[in-house]
Amino acid sequence: MLLHSYHNLDTKILLEASEEVNWYDVNAVFDIDNVTEIDHYPDTIGRWKYKNRYYELNKKNNWMRWDYAGEKFSYTWSKKINVGDKMNDAEKTISEQVKKFMDILNVSDYGFRFLKLKPTDKMIWHIDSPNHAPSAFNISLKDKSPIVFENEEMVYDSALIDVSKYWHTVKAGKEERLTFKIVPKINYQEMQHRLSVNGFLPSN
């Protein structure tokens with residue numbers, strides 16, 4: 001679910017460069033229009049009510065979950081950059097940092113982005129698409145508020161996270177929360193192996 005790990009990126013460079021990337025706000029209100037009530041866990045594209053919660057599986061194979069009609073969510077993403085994309089100077093600087101880490105792990109296909117939450121923000125419960133984010137390597141840069149799973153909250157400096165298998169969200173903190181996310185196109189188990197053999201996992 002979450003594996004504490006090391007990395008070789010310069011977090012000061014990431015923080016400085018984060019000021020110059022392209023940001024966009026997400027402000028979403030989830031309604032219950034076109035929701036179908038079912039008696040088993042949903043497993044197809046659509047909008048569903050299962051027990052006392054609402055679910056949506058979209059065409060990109062991302063799951064979202066909310067508790068009531070009109071529930072509001074807000075957070076800020078930087079534009080996701082994939083290998084080969086056009087980049088501004090800040091994104092090129094970040095890309096150089098990410099590449100030296102991914103090269104050691106022999107990962108050639110990946111993306112990266114920042115996630116920012118203000119103290120008043122709220123992230124929706126979700127499961128990432130295994131097609132677009134089979135795993136994620138996250139680095140906490142500001143306010144180490146926890147990532148939240150169904151039965152556990154976990155705080156990390158940097159970690160490999162199984163984002164495409166488990167329901168998760170994140171908590172906003174007392175200050176702005178800033179996370180850097182690398183998305184290798186490799187599943188969690190394989191990334192765990194590559195981190196291990198290259199000495200990026202704690203010995204205990």
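Hi everyone, let's start with a pairing: strand β1, residues 2–4, runs antiparallel to β14, and three bridges join them. Before I go on, please keep in mind that this is a predicted model.

Within that pairing, His-4 has Ala-159 of β14 as its bridge partner. There is a second neighbour to mention as well. Strand β11, covering residues 136–142, also pairs with β14 in the antiparallel sense, this time over four bridges. Here Ala-136 is the residue standing opposite Ile-161 of β14.

So which way do the residues of β14 point? Ser-158 and Leu-160 point one way, while Ala-159 and Ile-161 point the other way. As a reminder, side chains in a regular strand alternate between the two faces of the sheet. And for β14, residues 158–161, all of these are buried.

Now for the empty space. Rolling a water-sized probe over the atoms shows where such space is left. In this structure we get one cavity of 30 Å³ or more. The largest cavity holds about 40 Å³ of space.

What lines the largest cavity? The residues are Val-21, Ser-78, Lys-79, Ile-81, Glu-91, Ile-94, Phe-112, Arg-113, Phe-114 and Phe-180. Sorted by class, that lining has six nonpolar residues, one polar and three charged.

If you want to find the lining by element, look at α2 (89–104) and β9 (110–117), each of which supplies at least two residues. Of the elements, β9 gives the most to the lining, with three residues.

Terms used:
Residues numbered from 1 in each chain as written. Predicted model: local features only at pLDDT ≥ 70, side-chain atom pairs only at ≥ 80, totals over all residues. Heavy atoms only, no water. 1 Å grid on protein atoms, 1.4 Å probe; cavity = no way out; pocket = protein on both sides within 12 Å on 5 of 7 lines; lining within 4 Å. Points joined across faces, edges and corners; volume = space filled by probe spheres on them. Nonpolar A, V, L, I, M, F, W, Y, C, P; charged D, E, K, R; others polar. Buried < 20%, exposed > 50% of the residue type's maximum accessible area, 1.4 Å probe, protein only. Pairing = 2+ DSSP bridges.
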